[in-house]
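Dear colleague,

I am handing over to you the structure shown below, together with a short account of what was found in it. Please read the notes with the structure open beside them.

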Amino acid sequence: MLGYAAHQHGYRVAVLTGGDNDSPAGAVAEVEIAAGFDDEDAVKRLVAESDVITWEFENVDAGIADAATNAGLEVRPSGRIIATAQDRRAEKEALTAAGVAVAPWRSAESESELVSAVNELGLPVIAKAARFGYDGKGQARIERRAEIADVWRRLGAQRLVVESVVAFERELSVIVARSHSGEVVDHGVMENRHVDHILDSTVTPARLNPERLNEATAIAARIASEWGLVGVLCVEMFDAAHGLVVNEVAPRPHNSGHCTIEASPTSQFEQQLRAVVGMPLGDGRCRPAAMVQLLGDLFLEGCPDWSPVFAQSGVHLHLYGKHEARRGRKMGHLTAVGDDPDVLLDRVTALRQALTVR
Ligand code: AMP
């Protein structure tokens with residue numbers, strides 16, 4: 001999607017895929033380098049092909065940023081921000097330093113430290129692998145003390161971050177772009193529903209009072225500015241009775257911002273392009289919109305029949321061109337744009353439901 005925005009503005013794209021040949025990103029790039037993120041020759045080639053480096057996935061080898069910086073290229077967002085977002089402990093420390101609230105947490109590097117974390121935080125907690133986690137991978141909720149040993153056996157091969165469970169009303173995200181001159185533009189507040197830790201649907205604007213909406217966008221802008229971001233950052237938050245709590249950040253466009261493609265004059269992908277190549281940022285305001293994710297589960301017996309989608313004007317189907325469908329794998333999404341967020345969410349949810357009936 002960044003590739004489309006780049007081509008629209010006359011840029012050429014080289015992509016390092018992490019290993020896959022014929023990847024979705026490679027299909028819209030002039031150069032596809034099908035190699036691992038830690039492949040030094042591949043990184044050298046990427047650097048040689050490029051004038052500026054950006055990311056659409058943060059769990060990469062941070063050495064890519066060093067190689068690019070050493071060759072005199074701009075890396076946006078910087079390697080420091082990528083490294084921060086890869087590690088939940090570094091991320092929480094950097095969020096706290098930026099002055100935003102996170103859930104009470106402890107680090108645990110042994111079973112006895114996990115026991116101490118539970119003692120100090122109280123139950124329930126969520127234990128998360130500190131590094132390279134996403135979509136609930138490497139996570140376990142602990143409700144009872146008797147579960148601690150089992151969770152340590154399953155997750156304890158690596159450093160953990162242990163968090164208090166936040167009793168939230170809803171989950172939110174704010175996608176914010178910041179340019180090298182310090183201009184900050186957001187897309188408003190997204191309200192997200194997760195199923196099995198995977199984003200299931202997004203509706204915007206979030207159904208919140210105006211003060212909370214402002215508070216949420218201010219938190220995202222603050223992180224972007226305090227961290228000296230150049231690029232796009234998604235800030236995921238919990239809306240709790242006592243206030244907004246930041247869960248995690250992703251220094252790139254995010255699933256919860258897919259609706260910006262149709263709902264905003266400047267999508268999150270175009271904002272990333274603009275920030276990264278040094279253009280002024282665009283108008284990020286969104287019309288009311290809703291998005292539902294289409295997971296691999298829908299494709300296990302073949303491609304669904306899309307006729308119910310095509311029968312409705314104002315509903316947009318996006319398929320990412322992934323070759324293999326697996327349960328929980330994000331294969332595409334549906335977006336509807338209109339006037340009433342509740343009506344739009346009902347509409348795309350019902351359409352997705354219709355797809356499962358063949
Ligand atoms: P994460 O991988 O940190 O984004 O977590 C995935 C999902 O687990 C979140 O979107 C929440 O639904 C849930 N979750 C994670 N951390 C917490 C927490 N501290 N309190 C309550 N729910 C959480």
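In this predicted model, helix 6 and helix 7 cross in a right-handed sense. Helix 6 covers residues 111-121 and helix 7 covers residues 148-155; their axes come within 10 Å, and the crossing angle is roughly 130°. That angle makes helix 6 oblique to helix 7. On the side of helix 6, the contact is formed by Glu111, Leu114, Val115 and Val118, and on the side of helix 7 by Ile148, Ala149, Val151 and Trp152. Sorted by class, this contact of helix 6 with helix 7 holds seven nonpolar residues, no polar residue and one charged residue.

Which residues meet where helix 2 and helix 3 are in contact? Helix 2 brings Val43, Leu46 and Val47, which meet Ile64, Ala67 and Ala68 of helix 3. The contact of helix 2 with helix 3 comprises six nonpolar residues, with no polar and no charged ones.

The next pair to examine is helix 4 (residues 79-86) with helix 5 (residues 88-97). Their axes are 5 Å apart, and the two helices pack at an angle of about 115°. This makes helix 4 roughly perpendicular to helix 5. Thr84, Ala85 and Gln86 of helix 4 make the contact with Arg88, Ala90, Glu91 and Ala94 of helix 5. By class, the residues in the contact of helix 4 with helix 5 are three nonpolar, two polar and two charged.

Arg76 is joined to Pro77 by a cis peptide bond, with omega near -5°. Pro77 sits in the loop between strand 4 (74-75) and helix 4. The peptide bond between Thr204 and Pro205 is also cis, and its omega is about 0°. Pro205 belongs to the loop that runs between strand 11 and helix 8 (210-226). Asp196, although not a glycine, has a positive phi of about 50°. Asp196 is located in the loop between strand 10 (184-195) and strand 11.

Finally, I turn to the second largest pocket, which has a volume of about 320 Å³. This pocket is lined by 15 residues, and those closest to its centre are Val195, Asp200, Leu295, Asp297 and Arg352. Which elements each supply at least two residues of the lining of the second largest pocket? They are strand 11 (198-204), strand 14 (289-295) and helix 12 (341-356). Helix 12 gives the largest share of that lining, namely four residues. By class, the lining of the second largest pocket divides into five nonpolar, five polar and five charged residues.

With kind regards

Methods: Residues are numbered from 1 along each chain as its sequence is written. This is a predicted model: local features need pLDDT of at least 70, side-chain atom pairs count only at pLDDT 80 or more; totals for chains, interfaces and linings use all residues. Side-chain values use heavy atoms; hydrogens and water are left out. On a 1 Å grid over the protein atoms alone, a cavity is a set of points where a 1.4 Å probe fits but cannot get out, and a pocket is an open set with protein on both sides within 12 Å along at least five of seven lines; lining residues have an atom within 4 Å of a point. Grid points are joined across faces, edges and corners, and a volume is the space filled by probe spheres set on the points. Ala, Val, Leu, Ile, Met, Phe, Trp, Tyr, Cys and Pro count as nonpolar, Asp, Glu, Lys and Arg as charged, and the others, Gly among them, as polar. Contact means heavy atoms within 4.5 Å. Axes are lines fitted to C-alpha atoms, for helices over the stretch in contact, and angles run from 0 to 180 degrees between N-to-C directions. Angles under 35 degrees count as roughly parallel, over 145 as roughly antiparallel, 65 to 115 as roughly perpendicular and the rest as oblique. A crossing is left-handed if the near helix is turned anticlockwise from the far one by less than a right angle, and right-handed if clockwise.
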